[in-house]
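Take a look at the structure below. The briefing that follows walks through a few of its parts, topic by topic.

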Amino acid sequence: MNSRALVVGGGVVGCLTALALAERGWQVTLADQGRVGEESSWAGGGILFPLLPWNYSESVNRLALAGAARYPALCQQLLQETGIDPQYQVSGLRILPKFDTDTALLWCQLHNVTAEIKNQSLWLPQVAQARNPRLMQALRAFLLKRGVEILEHITLAPLPTKNGHLSAWQSLDGRRFEADAFVLTAGAWSSNLLGAQALSLPFKPMRGQMLLYKLAPDVLQNMLYCEDFYLIPRRDGYILAGSTVEDVGFDKTTTAEAARHLAVRAAELLPALIKAPIIKHWSGLRPGSPDNVPVIARHPQFDNLYINTGHFRYGVTMAPASAQLLGALIAGEKPFADVSAYAFPQQGVASASSSV
Ligand SMILES: Cc1cc2nc3c(=O)[nH]c(=O)nc-3n(C[C@H](O)[C@H](O)[C@H](O)COP(=O)(O)OP(=O)(O)OC[C@H]3O[C@@H](n4cnc5c(N)ncnc54)[C@H](O)[C@@H]3O)c2cc1C
């Protein structure tokens with residue numbers, strides 16, 4: 001009989017981890033407290049590249065670039081097999097001042113990223129995007145086709161034990177889910193799920209708010225970034241403007257203050273948006289981690305509990321690579337990159353309340 005895995009949390013990281021295990025012959029169950037793909041992975045912008053990557057460590061960029069490189073084939077397969085188009089497109093990213101030109105160009109050269117300075121802005125023609133809600137719908141349909149069991153509206157309870165071997169994970173309504181291996185991919189909620197006994201992670205939710213506009217298609221053709229603000233044009237003329245990074249706990253409220261701030265920045269960057277109505281305003285909770293470095297590792301106190309979380313601002317970009325790393329680790333294969341950079345923090349933290 002195939003080994004069984006329970007993946008806890010059905011965002012982009014959990015879906016792709018479930019897929020990586022199913023492709024290795026595991027019998028996989030994916031459980032989510034809501035519907036698959038409706039939290040941070042739904043709320044994000046879908047830029048498949050770190051913003052100002054030269055400000056991040058190699059461990060962040062290695063995972064992000066490896067993840068981004070897997071998207072063309074993944075999205076093509078999703079479209080072919082599910083009929084749902086994640087709208088992968090290489091729309092390019094234009095970075096406007098201020099940024100350090102020499103540092104940026106050197107980083108691009110060292111990482112084989114095509115870059116050009118045009119009118120004082122940095123033009124990155126290869127940067128791509130995907131449309132989050134469609135990506136998540138396609139992933140859900142694809143997992144079902146691949147035989148992954150999807151359980152929705154099942155809230156797993158925090159682990160009650162400190163260490164050892166897990167034989168089952170219990171839901172808040174008392175159901176027991178047995179498996180040979182357990183994978184925690186619950187995004188911003190992950191630290192809490194490790195419970196009060198086991199070592200936890202120094203991760204916490206970081207709210208991001210976003211605005212949606214609609215113009216005629218092609219008014220804006222490339223993604224634009226300027227001083228921690230971006231515009232992302234979709235194929236049909238929708239434009240996303242984001243985002244805030246707020247340390248407010250598990251509060252997904254959208255605020256008038258953030259809407260004002262984002263609208264002012266949007267109008268500065270693209271005057272055509274001054275008169276455009278705001279169609280939607282939403283927020284999501286990123287899994288915030290120190291320096292944006294996720295944990296992709298076995299929990300040091302359990303022999304069959306694995307972690308894949310903490311991807312903070314770049315979870316969509318990193319997820320395909322992150323899932324492959326964890327899949328290889330669980331299957332005992334040689335991973336495509338060194339996983340030591342994503343180890344469980346040496347001491348962990350005693351509870352889930354530590355800060356980013
Ligand atoms: C405004 C915004 C813009 C962003 N832009 C980008 C971008 O352009 N590019 C990029 O790469 N990244 C971006 N991100 C970050 C990216 O969205 C996240 O890093 C990524 O979605 C994290 O994925 P995840 O699967 O870990 O978490 P999530 O998508 O949040 O999934 C976690 C899942 O776990 C489930 N869960 C939680 N607790 C339990 C429980 N007890 N039992 C069962 N299930 C549970 C939740 O319901 C949820 O579905 C953005 C995020 C935001 C908010």
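**A loop and its cis bond**

Ser243 sits in the loop that links strand S13 (238-242) to helix H7 (256-269). The peptide bond running from Gly242 to Ser243 is cis, and its omega is near -10 degrees. Keep in mind that this is a predicted model.

**Another cis peptide bond**

- Pro97 and Lys98 are joined by a cis peptide bond, with omega at about 10 degrees.
- Lys98 belongs to the loop between S3 and helix H4 (101-110).

**Around the ligand**

- The ligand is surrounded by 42 residues.
- The closest of them are Gly9, Gly11, Gly187, Gly208 and Gly315.
- By class, the shell has 16 nonpolar, 22 polar and four charged residues.

- Helix H3 (residues 58-82) and helix H8 (residues 315-331) have axes that come within 6 Å.
- The two axes cross at roughly 90 degrees.
- H3 is therefore roughly perpendicular to H8.
- On the H3 side, the contact is made by Leu63, Ala64, Ala66, Gly67, Ala68, Arg70, Tyr71 and Leu74.
- On the H8 side, Thr317, Met318, Ala319, Pro320, Ala321 and Ser322 take part.
- Sorted by class, this contact of H3 with H8 has ten nonpolar, three polar and one charged residues.

**The largest nonpolar core**

- The largest nonpolar core has 100 residues.
- Within this core, Val8 and Ala18 touch the most other members.
- Helix H1 gives the core its largest share, nine residues.
- What does Val8 touch, not counting residues up to four places away in sequence? The list is Ala31, Leu156, Trp169, Phe182, Val183, Leu184, Thr185, Ala186 and Leu193.

**Ile95 in strand S3**

- Ile95 is part of strand S3 (residues 93-96).
- Is Ile95 buried or exposed? Ile95 counts as buried, because 21 C-beta neighbours lie inside 10 Å.
- Ile95 and Trp123 are 28 residues apart along the chain, yet their C-alpha atoms are separated by 6.4 Å.
- Leaving aside neighbours within four places in sequence, Ile95 is in contact with Ser121, Leu122 and Tyr225.

**Two residues with positive phi**

- Gln87 has a phi near 55 degrees, which is a positive value in a residue other than glycine.
- Gln87 lies in the loop between H3 and S3.
- Gln87 has 19 other C-beta atoms within 10 Å, so Gln87 is partly exposed.
- Asn119 is a residue other than glycine that also has a positive phi, near 45 degrees.
- The place of Asn119 is the loop between strand S4 (116-118) and strand S5 (121-124).
- With 8 other C-beta atoms within 10 Å, Asn119 is exposed.

**The loop between S15 and S16**

- Where is Asn304 found? Asn304 is in the loop between strand S15 (295-298) and strand S16 (305-309).
- His299 is also found in the loop between S15 and S16.
- How exposed is each one? Asn304 is partly exposed, with 18 other C-beta atoms within 10 Å.
- His299 is buried, because 23 other C-beta atoms lie within 10 Å.
- Not counting residues up to four places away in sequence, Asn304 touches His165, Leu166, Asp180, Ala181 and Phe182.
- On the same terms, His299 touches Ala198, Leu305, Ile307 and Phe344.
- Asn304 and Leu110 are 194 residues apart along the chain, and their C-alpha atoms are separated by 38 Å.
- His299 and Leu52 are 247 residues apart in sequence and 31 Å apart in space, C-alpha to C-alpha.

Technical notes
Residues numbered from 1 in each chain as written. Predicted model: local features only at pLDDT ≥ 70, side-chain atom pairs only at ≥ 80, totals over all residues. Axes fitted to C-alpha atoms, helices over the stretch in contact; angles between N-to-C directions. Helix = DSSP H or I, 4+ residues; strand = E, 2+ residues; numbered from the N terminus. Parallel < 35°, antiparallel > 145°, perpendicular 65-115°, else oblique. Contact = placed C-beta atoms within 7 Å. Nonpolar A, V, L, I, M, F, W, Y, C, P; charged D, E, K, R; others polar. Near = placed C-beta within 6 Å. Buried ≥ 20, exposed ≤ 12 C-beta atoms within 10 Å, placed from the backbone. Core = buried A, V, L, I, M, F, W, Y, C linked by C-beta atoms within 7 Å.
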